Amino acid sequence: MILLDWIQGALLLAGLGFFLVGTLGLLRFPDVYTRVHALTKADNLGLGLVVFGLLIGADSVPVALKMLLIWGLALLASATAGYLVARAARRRGVRPWKARNWEND
Amino acid sequence: MSGLLEAVALGLLITLTLGLVRIWRGPTVADRMLAAQLFGTTGVALLLVLAELQRLPALRDVALVLALLAVMAVLAFVARVWRGDPDEESGGDGGPEIGDDEGFEDPR
């Protein structure tokens, strides 16, 4: 049980770390496309790690399956939303960020 | 172990609060909607942790609905608000100051 507690703690803290990194990317990345990248990858990996951490302490199998279902839905949803936002930005003519803009900021 | 769950919930709440900064200064409305997407994902994780912490299984259903509604909000935004006008250059490539004087109502 002690070992399971350690594994659960490590998974939860790793998930929290990925959420922090995702929010940091949303705040620090320069344009829409890179922010989509930060959100759809880092945050969903963090959510997956949190879900797997909570699975260790889950009461029953249906509860565990429901949490896995929530994670799967979040994966599908954010992949779709990220693609659509990036495509809409592309169609509206939002230019991707270039490194030379870095000196102007 | 319970203290760890509380610490994780607090950390998730802090990341949610930090995400508000992007809503405040995001140059285009798409950045603000991405912050809403962040709220969806982080809120789902927060609700799952709270369901375990407070022994409230109904919060998992709330998390499921929140995950669905977050993507519905982004889909409605892309389909109805941010439709493409390719001739209207929207210049969302720069720093956060660009377009901040245009107000919220401009559908950039």
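This is a predicted model: local features need pLDDT of at least 70, side-chain atom pairs count only at pLDDT 80 or more; totals for chains, interfaces and linings use all residues.

Modeller: Residues are numbered from 1 along each chain as its sequence is written, and chains are lettered from A and ligands numbered from 1 in the order in which they are written.

Biologist: Which pattern does chain A follow along the sequence?

Modeller: Chain A has four helices and zero strands, where helices (H or I, at least four residues) and strands (E, at least two) are DSSP runs numbered from the N terminus. Read along the sequence, the pattern is α-α-α-α.

Biologist: What is the radius of gyration of chain A, and why is the chain more spread out than a compact globule?

Modeller: The radius is taken over C-alpha atoms, and the globule rule is 2.2 Å times the number of residues to the power 0.38. For 105 residues the rule gives 13 Å, and chain A is well over this, so it is more spread out than a compact globule. The C-alpha atoms fill a box of roughly 55 × 25 × 10 Å along the principal axes. The radius of gyration of chain A is 17 Å.

Biologist: How are helix 2 and helix 3 of chain B oriented to each other?

Modeller: Their axes, lines fitted to C-alpha atoms over the stretch in contact, have angles from 0 to 180 degrees between N-to-C directions. The axes of helix 2 and helix 3 (residues 58–81) of chain B come within 8 Å and cross at roughly 175°. Angles over 145 degrees count as roughly antiparallel. The two helices of chain B are therefore roughly antiparallel.

Biologist: Which helix of chain B supplies the largest share of the side that touches chain A?

Modeller: Two residues are in contact if their C-beta atoms, placed from the backbone, lie within 7 Å, and the contact takes 46 residues from chain B and 46 residues from chain A. Helix 1 (2–25), helix 2 and helix 3 of chain B each supply at least two residues of the side of chain B that touches chain A. The largest share, 14 residues, comes from helix 2 of chain B.

Conventions
Angles under 35 degrees count as roughly parallel, over 145 as roughly antiparallel, 65 to 115 as roughly perpendicular and the rest as oblique.
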